[in-house]
Amino acid sequence: MKRTTNLCIAFLFLSVTTGCWNLEEPDQLSFVTGAGLDLTEDGKLEASYLVVLPASLGSGQISGGENKNSFQVMSATGKNVSDAMVNVQSKLSRKVFSGHRDIFLVGQRLAEHGMGKTIDPFLRIPKSEMRSMIYVVKNGKPKDVFSIVPFFDRFITTSLSDEQKAIGLKPYLAREFVVDVLSEGKQPLVPVVGLNPSGHYSYRGSGIFNKADNVKLVGFLNMKETAYARWITNDLTRVTLTSSIPKEDGSISLTLHSLDQNIHVQKIDEQLQITVQLSGKGTIIENTTNLDPTKQKDLQLIQDELNQKNQKLVHKIIKKVQEEYKMDIFGFGEQVHQQSPQQWKSLKQNWTETFSQLNVSVKVDLQCTNLGQTDSSIYP
Amino acid sequence: MGLFKKSYIKNKSKTNNPSKENISQNIDKNIIKNEQILKDIFQNCSDIMYRKITIHGQNKLLLIYVDGMVDVDIIISNILKPLMYEGLPQGLGSIDSVAQMCEEKHLSALQIKKLSDFGDITDHILKGNLAILADKETTALVVDVKKFETRSIDEPANEPSLRGSRESFTESLRTNTTMLRRIIVTPKLKIESTTIGNLTQTEIAVAYIEGTVSMTVLNKIRERLDRIQTDRILESGNIEEFIEETHFSPFPQLLNSERPDVVASSLLEGRVAILTNGSPSTLIAPMTFWAGLQAPDDYHQRFIFVSLVRWIRYVFTIISVLLPSLYIALTNFHPEMIPPVLMLNIAILRESAPFPTVIEVLMMEIVFEGLQEAGIRLPKQIGPLVSIVGALVIGEAAVNAGIISAPVVIIVSTAGIASFIIPRYSFGFPMRMLRFPLLLLSGIFGLFGIAIGIIVIIIHLIHLNPFGAPYLYPVTPFNKRDFKDVWIRWPRKLVKKGGDKA
């Protein structure tokens with residue numbers, strides 16, 4: 001008994017006196033909800049942080065005073081990532097804590113320069129949050145986005161992280177970006193935000209990267225193209241499609257809720273043939289035609305029309321990516337890898353070229369459900 | 001110091017049993033001499049009554065009893081009247097002594113004993129019997145006419161339940177055994193009696209059901225009770241201390257209950273109950289960890305409800321032990337594990353706090369324990385006052401004054417309330433106590449420290465083996481049939497016979 005007690009006391013003193021003490025009170029940390037990287041005009045790396053100011057947040061709740069901001073944007077330049085981070089830290093009395101980083105922004109200048117070597121150490125820091133969403137800032141700098149005073153939230157980063165969900169995309173996290181970069185048969189497709197002249201941000205589709213060339217930005221897809229591209233990669237949860245029907249002199253909008261995709265790889269005469277099947281079920285939310293969807297004939301007509309229109313559209317987008325950018329953002333390579341692994345071994349070396357010459361056929365199958373909700377117009 | 005200790009022990013052994021010293025002698029033939037001896041023994045005992053009567057002018061009798069412990073009506077009507085009015089029959093014939101005559105003919109009492117040793121006689125007098133000494137005879141007659149004021153049967157104040165019997169044990173052992181007999185009507189219910197304590201002469205009853213009881217447990221209890229050497233047993237807690245397996249465990253190794261239905265149900269499960277005269281709380285052995293988390297009416301309510309409540313109890317038990325230390329570990333070591341918005345809110349509230357979180361939580365815990373202790377000792381009229389003042393002072397004022405941050409108040413009070421959900425009060429103690437070492441560990445090592453603490457607690461629980469029955473049974477060692485009862489209270493129809501819970 002006495003020995004145990006002595007051991008316990010010795011253990012306690014040892015553990016306290018070794019100095020192995022990584023206790024940090026919340027008021028010794030500066031919480032960072034957003035971090036950004038960009039290049040300055042003279043080629044230096046610029047790191048910027050959105051730092052939360054808890055004291056002013058608290059006083060704002062009690063007295064309602066709005067004279068003080070609830071956040072502060074800190075930025076500093078450096079030769080590399082660590083240098084820039086040290087320089088930011090030198091401006092702050094509390095230790096930078098990135099465990100709650102919601103957003104990671106990459107400036108367009110850095111993206112076009114190639115960000116592979118820069119972003120790697122940044123995401124590798126142990127306390128770095130891999131679940132932060134990654135965005136490319138078009139025509140701007142990350143610190144400009146961070147400076148925006150948001151409508152709803154306390155910080156712009158919260159708004160940005162809710163943005164993708166609001167428009168029906170699955171969130172694209174830094175972790176997924178890393179996975180895409182490391183995979184052999186897929187190129188990253190990163191969401192893009194841009195600054196408006198009014199001083200607010202807006203979602204602008206996504207950027208196509210070439211990971212073979214230091215993860216360099218090669219081009220943009222607009223919002224609509226992004227939606228279809230994400231549908232093909234099964235990262236879309238909800239979308240509204242509008243198609244005009246010339247025969248009936250009107251248009252029909254369809255909100256799809258349950259979306260599905262299927263990519264089939266076939267080999268016909270030594271040629272790879274890829275079939276993309278997109279299907280979805282949804283509700284008609286607007287109908288300016290004279291068609292009555294509750295009638296089987298009219299419904300068939302609407303569905304056929306929608307299917308054809310979208311089929312053409314998807315085909316066009318795939319063709320555009322194949323010819324203009326030559327980057328396999330749809331993950332066809334991964335599908336080939338999974339469905340015919342033997343062939344992939346020989347294909348993977350030259351996949352970028354193979355991709356641009358791939359024969360892709362598209363099938364879209366849309367179904368309208370809940371027909372009673374919106375049928376024909378009440379005006380005859 | 002050593003000298004003092006020695007002399008103390010010496011002194012103690014000398015005064016070990018004063019009542020039996022010098023009085024182990026037999027009754028003399030001369031009644032006047034006997035009276036003198038008894039008066040010497042009971043010197044300065046103003047409550048001892050002597051009553052001399054003479055029958056037929058020749059047979060002198062001496063009645064001795066303790067005032068207030070005997071039934072005066074019975075003495076008058078059943079003992080004094082027959083002796084004084086009817087007197088002794090003429091021609092004694094086969095009867096050769098007054099004692100025999102009284103025993104066989106005159107005294108209408110149930111328990112009569114013939115004794116000749118002064119030590120025995122004094123014992124019986126002190127327990128409320130009437131001693132009758134006759135002149136020229138060497139045996140005294142001891143008649144059981146016990147009657148003293150006892151508390152009536154009340155509701156169990158410390159173990160209320162929604163359903164089931166409202167009876168509670170009283171201080172009188174005989175009443176308590178009666179209550180058990182009334183519930184379990186079988187000759188298999190055995191109640192063994194012993195007396196422990198040289199000065200208090202406390203009666204102890206060991207109750208069990210023959211056939212169901214585990215003999216190893218019963219024998220261990222008998223053996224440990226036999227070994228007790230003490231002057232006093234005032235409460236069943238004294239016995240608990242003497243017979244428990246190890247003193248150095250925060251966990252109680254015997255369950256205590258003041259409810260006859262709980263004790264009866266434990267007996268039917270094969271446990272042993274130890275009833276102590278003078279204490280309404282009865283000890284039940286062996287105890288298991290899970291028994292500490294079961295309420296008296298668990299087996300009276302419907303099973304779905306009870307199963308749910310059991311789960312809530314388990315969750316709250318964990319909360320009561322771990323919540324304060326988890327709070328420290330998460331805010332000070334692993335802030336990334338708390339949802340961002342919550343972490344920011346905590347950071348906002350921490351902004352104006354003057355003390356480190358560990359100190360804050362420790363201070364609040366100590367104040368809370370103090371409030372709890374104060375609440376028990378207070379008279380009923382002042383009780384609510386303390387809780388109001390406590391809630392206001394700690395909950396509101398301390399936060400507003402900027403001494404304590406608000407989350408700490410929430411954490412400590414949640415953990416405090418959670419510890420009250422444990423149905424057995426004595427089982428709540430270890431949970432309250434273990435909070436403090438875990439708090440220190442988490443303040444030094446974070447989650448790692450908590451993990452170490454939990455591992456140590458679990459190792460201790462697995463090692464605990466009171467009365468040869470593992471404390472964590474049926475989880476370790478695993479028993480499938482009984483294990484079910486830990487998580488879900490199965491409907492009795494579905495439980496196979498043999499393990500029938502009462």
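Visitor: How do you know which residues in H15(B) meet residues in H16(B)?
Guide: By a distance test: two residues are in contact if their C-beta atoms, placed from the backbone, lie within 7 Å. On the H15(B) side, B:Leu434, B:Pro437, B:Leu438, B:Leu441, B:Ser442, B:Ile444 and B:Phe445 take part. On the H16(B) side, they meet B:Phe448, B:Gly449, B:Ile450, B:Ile452, B:Gly453 and B:Ile457. This is a predicted model, where local features need pLDDT of at least 70, side-chain atom pairs count only at pLDDT 80 or more, and totals for chains, interfaces and linings use all residues. Residues are numbered from 1 along each chain as its sequence is written, while chains are lettered from A and ligands numbered from 1 in the order in which they are written.

Visitor: How many residues of this contact of H15(B) with H16(B) are nonpolar, and what makes them so?
Guide: There are 10 nonpolar residues, 3 polar and no charged. Ala, Val, Leu, Ile, Met, Phe, Trp, Tyr, Cys and Pro count as nonpolar; Asp, Glu, Lys and Arg as charged; the others, Gly among them, as polar. B:Gly449 and B:Gly453 lie on the H16(B) side, so they count as polar.

Visitor: What makes H15 and H16 of chain B helices, and at what angle do their axes cross?
Guide: Helices are DSSP runs of H or I with at least four residues, strands are runs of E with at least two, and both are numbered from the N terminus. H15(B) covers residues 425-445, and H16(B) covers 447-463. Their axes come within 7 Å and cross at roughly 145°. Axes are lines fitted to C-alpha atoms, for helices over the stretch in contact, and angles run from 0 to 180 degrees between N-to-C directions. The crossing is right-handed.

Visitor: Why is H10(B) called roughly antiparallel to H14(B)?
Guide: The axes of H10(B), residues 303-332, and H14(B), residues 406-420, cross at roughly 160°. That angle makes the two helices roughly antiparallel. The cut-offs are under 35 degrees for roughly parallel, over 145 for roughly antiparallel, 65 to 115 for roughly perpendicular, and oblique for the rest.

Visitor: What is the handedness of the crossing of H10(B) and H14(B)?
Guide: This crossing is left-handed. In a left-handed crossing the near helix is turned anticlockwise from the far one by less than a right angle; in a right-handed one, clockwise. Among the residues that meet here are B:Phe316 and B:Tyr327 in H10(B), with B:Ile411 and B:Ala418 in H14(B). The contact divides into 9 nonpolar, 3 polar and no charged residues.

Visitor: What makes E10 and E13 of chain A edge strands?
Guide: The open sheet runs E10-E11-E12-E13, with mixed pairing. E10(A) and E13(A) each have a single partner strand, so one side of each is left without a neighbour in the sheet.

Visitor: How do you know that E10(A) and E11(A) pair?
Guide: DSSP must find at least two bridges between two strands. E10(A) and E11(A) have 7 bridges, in the antiparallel sense, so they pass the test. A:Val239 stands opposite A:Leu256 in E11(A). Helix H9(A) lies across E10, E11 and E12, at about 45° to E11(A).

Visitor: What percentage of each chain is buried?
Guide: In chain A, 36% of the 380 residues are buried. In chain B, 32% of the 502 residues are. Buried means 20 or more other C-beta atoms within 10 Å of the residue's own; 12 or fewer means exposed, and in between partly exposed, with C-beta atoms placed from the backbone.

Visitor: How many residues does each chain give to the contact between them?
Guide: Chain A gives 21 and chain B gives 17. H2(A) gives the most on the chain A side, with 4 residues.
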